[in-house]
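Let's take a walk through this one together. Have a look at the fold first, and then we'll pick out a couple of helices.

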Amino acid sequence: MGNKAITSYDVARRAGVSQSTVSRAMRGDPRVIEETRDRIRALAAEMGYVPHLTARNLITRRSSSIAVVSGDLRNPSYPALVNTLQERFADHDYRVLLMNDRTDGTLEKDIQALRGGLVGGVVFISARLDSPIVSEMIDWKIPLVILNRDVDGSQAGRVDRVTSDNIGGGRLVAHRLLAMGHRRIGLISGPLDNSSVKLREGGFREALARNGFPLDEELVHRGEVDAATGFEGGARLLRRDRPPTALFCITDFVAYGTLDAAARLGRRVPADVSVVGYNDLDASSWSMFDLSTVRQPLEAMAIAAAELLLARIDGAAGVPVHRAFPVQWVQRGSAGPLAEP
């Protein structure tokens, strides 16, 4: 057919079916029997036909893209979530538009552009509690799922949410460290406008206080959720005349920096100081970290969020739901019983 672009009409004419049947077959629509789908797809490949996404959107009146609004991708937990979302949405022929929840005010302009139907829905995984974008998207009735963070009470019943038990996870760390004999316990934490940080820290503080060992504010270091905060906090707290015997780092990413600080200061882990993280990222099991941590099932959470959003886009969802996943302690070599004096 020379240099002319191959269209669905050309494929339909060769296959002896309608254009709508070609479109459905290329989408994997079960209304087209499997034998016909396979024949049309093989013929399309032979002819060099590639579906035109914009044209398909106009016909179906549905976008083939989904926006994922993420926090700082230097934090390994975000790529772990984004990768799973991308794979899940690709299985349903959706492309992911990745956006960053920046604090410079430009995200709001980006989100405004989505109101015109650029995307079929949004997964919001930024941790910032003060982001105004969530309430705006809810008001605009854009299909939306909140992943790995929560919303305040006024919004909770208006949007699908997928979280893990951050309060329980914080309590779990406190109970484990107390059971190991630690009493002088430090905390290296993040900003309190981060919902996960706030909940984990709250559970941790509550469990320590309930057991008669309230957190000493002199042993708290706060910064951004990154390895630099872990390093700075670890170095500051471990240089004290009476350093803590255990440190709870609010994420694994923070804990990696703390382990580095301990090594540079010649502190043995866990003989001199136990270090605990949170998330159970893949790297935490590596021998160079061997990090005791709290596992939250990031992959399962991302899959649940994708399924909720796809159902919402398809009009198959009812009232908004909250999927809450349990967490569990993962014992490795970075935490151990308090050494005898």
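Which residues in H10 meet which residues in H11? Keep in mind that this is a predicted model. On the H10 side you'll find Ala227, Gly230, Phe231, Gly234, Ala235 and Leu238, and their partners in H11 are Phe253, Val254, Gly257, Thr258, Asp260, Ala261, Ala262 and Arg264. Sort that contact by class and you get eight nonpolar, four polar and two charged residues.

Now for the geometry of that pair. Two packed helices are described by the angle between their axes and the distance between the axes. Here H10 spans residues 227-238 and H11 spans residues 252-264; they pack at an angle of about 40°, and their axes sit 6 Å apart. H10 and H11 are therefore oblique to each other, and the crossing of H10 past H11 is right-handed.

Finally, zoom out to the whole chain. Its secondary structure comes to twelve helices and twelve strands. Of the 341 residues, 49% are buried. Take the contacts with a separation of 6 or more, and 69% of them are between residues 24 or more positions apart.

Key:
Residues numbered from 1 in each chain as written. Predicted model: local features only at pLDDT ≥ 70, side-chain atom pairs only at ≥ 80, totals over all residues. Heavy atoms only, no water. Axes fitted to C-alpha atoms, helices over the stretch in contact; angles between N-to-C directions. Helix = DSSP H or I, 4+ residues; strand = E, 2+ residues; numbered from the N terminus. Parallel < 35°, antiparallel > 145°, perpendicular 65-115°, else oblique. Left-handed = near helix turned anticlockwise from the far one by under 90°. Contact = heavy atoms within 4.5 Å. Nonpolar A, V, L, I, M, F, W, Y, C, P; charged D, E, K, R; others polar. Buried < 20%, exposed > 50% of the residue type's maximum accessible area, 1.4 Å probe, protein only.
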